[in-house]
Amino acid sequence: MTPQTDPTCDLDLLRSLNMDTGHCAVVGLQWGDEGKGKVVDLLAMRFDVTARYNGGANAGHSVQVGDKRYALHLIPSGILSDKAINVLGNGVVIDPAQLVKEMTGLRAEGVTIGDNLKISDRAHLVFEYHKVQDVLYDQALAKAMGGDAAIGTTGRGIGPCYADKALRSMAIRVGDLLDESALHDKLKRVIAVKNTVLAALAKHCDQPFRPFDVDAVLKDTVGYAKVLRPHICDSAHLLHTSMDAGKRLLFEGANATLLDIDHGTYPFVTSSNCSSLGVHTGTGVPGHKVTNVLGIVKAYQTRVGGGPMPTELHDATADRIREVGKEYGTTTGRPRRVGWLDLVALKYTATLSGATGIALMLMDVLSGLPELKLCTGYEHNGQKLTNFPADAGVLNSLTPVYESVPGFDESIDECKRFSDLPDNALAYIKKIEKFVGVPVSLVSVGPRRDQTVLRDV
Ligand code: GDP
Ligand code: IMO
Ligand code: MG
């Protein structure tokens, strides 16, 4: 049986989010792990189709339904709702081994996966050699330039797969799974090149390397193809015919806007357009169709992997937030770096992603802190910066300017409406809205579906 509507969840969610009509996107506005999975799960039961448009198994979206927790990497979080069709759009990079494993795991938990899962024939495939390349590149960079240069990727082969997509001749797509003999030819060609490149790279990194065997890779891949074949389709066509039939679409962002390859803290980013700007190329649905963008924002800030984070904390407050917020990666288990909410960065990402509303997540984690800080400006070389800088070196060396506000002691994890929240929590929320210029339309106070606070003031 598919887990569906939580019996304790009685929310007029869409009205309070101002999402009564149109197609909507849910997008992370920080460095990921903001709680997109929880929000997509809540919304998906109110939409007809949920579609992923970017990223791959680097994403880890945790969803709690009652006492059960699900960790989704490739499959849209809408799979936990009976109603939604779930689409992996052309912009997603799909590791077939991981996808089959995820499908098997979810089915074992009682989740229905059949006609409700669709996979774009234009999406690109991640192979084991991409993962090896991913790890070796990061090691080679660290070796050449020191540990700080490493991106600290998830090792899921994301960068190398998108790079092969851009190279074209090295790429293999989901549609190639439908023709075994053509797949064999492509694997033969690609693996010959990969083995040469990876052997050299491994030698450079002083790592052992066992060349990939074409027949073994083909055998595994044909096995995955058997499972995936019934789900493969022209997903852009499906989304357009769904819209023509009056169905409502929900787009689930993976990763987040500060990790966007064009607009994030480059080069410490992922390899796709994870802001809402990626929805259009990643699914084939044009820009004007998506009328609502819900920006998902943690009430503080976290980052996994390398790269600048101006408001990062290295003190007891960071440790406390990490423990209370269980800030350990869903995909890699790495402890997340923790910092104060950076409103300069948030205004930048909310603007880029065209956020029409903000869902402020994990607000409960801040309860009990005597003082909360919000970063409202940057100083660099004695100058005030007015824009979010493009350069990682500048981001690393600037000084954040903070505004302090009093914290709140009350436990808020059973609040249901904004008017239930303590005054200091409301004052914190109002400061965010005023600075960013986007309303906070939802506050999350726990991982459960019913721990969701809606606007009434
Ligand atoms: P995503 O990648 O954006 O989907 O976020 P993750 O699932 O990686 O990380 C968010 C974590 O916070 C998950 O473990 C959620 O179950 C949990 N979570 C979501 N909302 C809340 C909340 O409001 N309070 C608390 N304490 N946990 C939350
Ligand atoms: P969700 O969807 C947090 C980070 C990695 C690394 C950088 C590049 O769960 O929010 P990659 O493997 O993509 O080449 O790694 O991006 N990263 C994430 N951090 N949440 C994610 O996804 C992430 N996806 C990628 O840690 O620093
Ligand atoms: Mg995550």
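This is a predicted model: local features need pLDDT of at least 70, side-chain atom pairs count only at pLDDT 80 or more; totals for chains, interfaces and linings use all residues.
# Reading a two-ligand model

Student: Which class, buried or exposed, does Arg 168 fall in?
Tutor: Arg 168 lies in the loop between helix H5 (158–167) and helix H6 (180–204). It is not a glycine, but has a positive phi of about 70°. Its relative accessible area is 66%, so Arg 168 is exposed.

Student: Is the peptide bond from Tyr 266 to Pro 267 cis or trans?
Tutor: Start with the loop between strand E10 (249–252) and helix H9 (278–283), where Pro 267 has its place. Most peptide bonds are trans. From Tyr 266 to Pro 267, omega is near 5°, and the bond is cis.

Student: Now the chain as a whole. How many helices and strands does the secondary structure come to?
Tutor: The C-alpha trace spans about 65 × 55 × 40 Å along its principal axes. Within the chain, the secondary structure comes to 13 helices and 20 strands.

Student: What radius of gyration does the chain have?
Tutor: The globule rule gives 23 Å for 457 residues. The chain comes close to that, so it is as compact as a globular protein of that length, with a radius of gyration of 22 Å.

Student: What share of the contacts joins residues 24 or more positions apart?
Tutor: Take buried residues first: they make up 56% of the 457 in the chain. Then take the contacts with a separation of 6 or more. Residues 24 or more positions apart account for 79%.

Student: What percentage of ligand 1 does the protein bury?
Tutor: Taken alone, ligand 1 exposes 580 Å². Of that area, the protein buries 93%.

Student: Which element gives the most residues to the shell around ligand 1?
Tutor: Two elements give two or more residues: helix H2 (36–44) and strand E3 (61–65). The shell holds five nonpolar, eight polar and seven charged residues. With three residues, the element that gives the most is H2.

Student: Which residues come nearest to ligand 2?
Tutor: The shell around ligand 2 has seven nonpolar, 10 polar and three charged residues. Of the 20 residues around this ligand, the nearest are Lys 36, His 61, Thr 154, Asn 255 and Thr 270.

Student: How much of ligand 2 does the protein bury?
Tutor: Look at the polar pairs. Oxygen atoms of ligand 2 lie 2.8 Å from a polar side-chain atom of Asn 58, 3.0 Å from a polar backbone atom of Val 304 and 2.9 Å from a side-chain N or O atom of Arg 334. Alone, ligand 2 exposes 550 Å², and the protein buries 97% of that.

Student: Is Ser 367 buried or exposed?
Tutor: Ser 367 is in the loop between strand E15 (357–361) and strand E16 (371–380). A polar atom of its side chain lies 2.8 Å from the backbone oxygen of Glu 410. Its relative accessibility is 15%, so Ser 367 counts as buried.

Student: Which residue has its backbone nitrogen 3.4 Å from a polar side-chain atom of Asn 90?
Tutor: Asn 90 lies in the loop between strand E5 (85–88) and strand E6 (93–94). It is buried, with a relative accessible area of 14%. Among the residues it touches are Ser 120, Arg 122 and Lys 165. The backbone nitrogen at 3.4 Å belongs to Thr 283.

Methods
Residues are numbered from 1 along each chain as its sequence is written. Chains are lettered from A and ligands numbered from 1 in the order in which they are written. Side-chain values use heavy atoms; hydrogens and water are left out. Accessible areas come from the Shrake-Rupley method with a 1.4 Å probe; for residues, only the protein chains shown count as cover. Helices (H or I, at least four residues) and strands (E, at least two) are DSSP runs, numbered from the N terminus. Ala, Val, Leu, Ile, Met, Phe, Trp, Tyr, Cys and Pro count as nonpolar, Asp, Glu, Lys and Arg as charged, and the others, Gly among them, as polar. The radius of gyration is taken over C-alpha atoms; the globule rule is 2.2 Å times the number of residues to the power 0.38. Buried means under 20% relative accessible area, exposed over 50%, partly exposed in between (1.4 Å probe, protein chains only). Contact means heavy atoms within 4.5 Å. A polar contact is a pair of N or O atoms within 3.5 Å; within protein, one must be able to donate a hydrogen and the other to accept it, and residues adjacent in sequence count only if both atoms are side-chain atoms. A residue is near a molecule or strand if one of its heavy atoms lies within 4 Å of it. Lists of a residue's contacts leave out its neighbours within four places in sequence.
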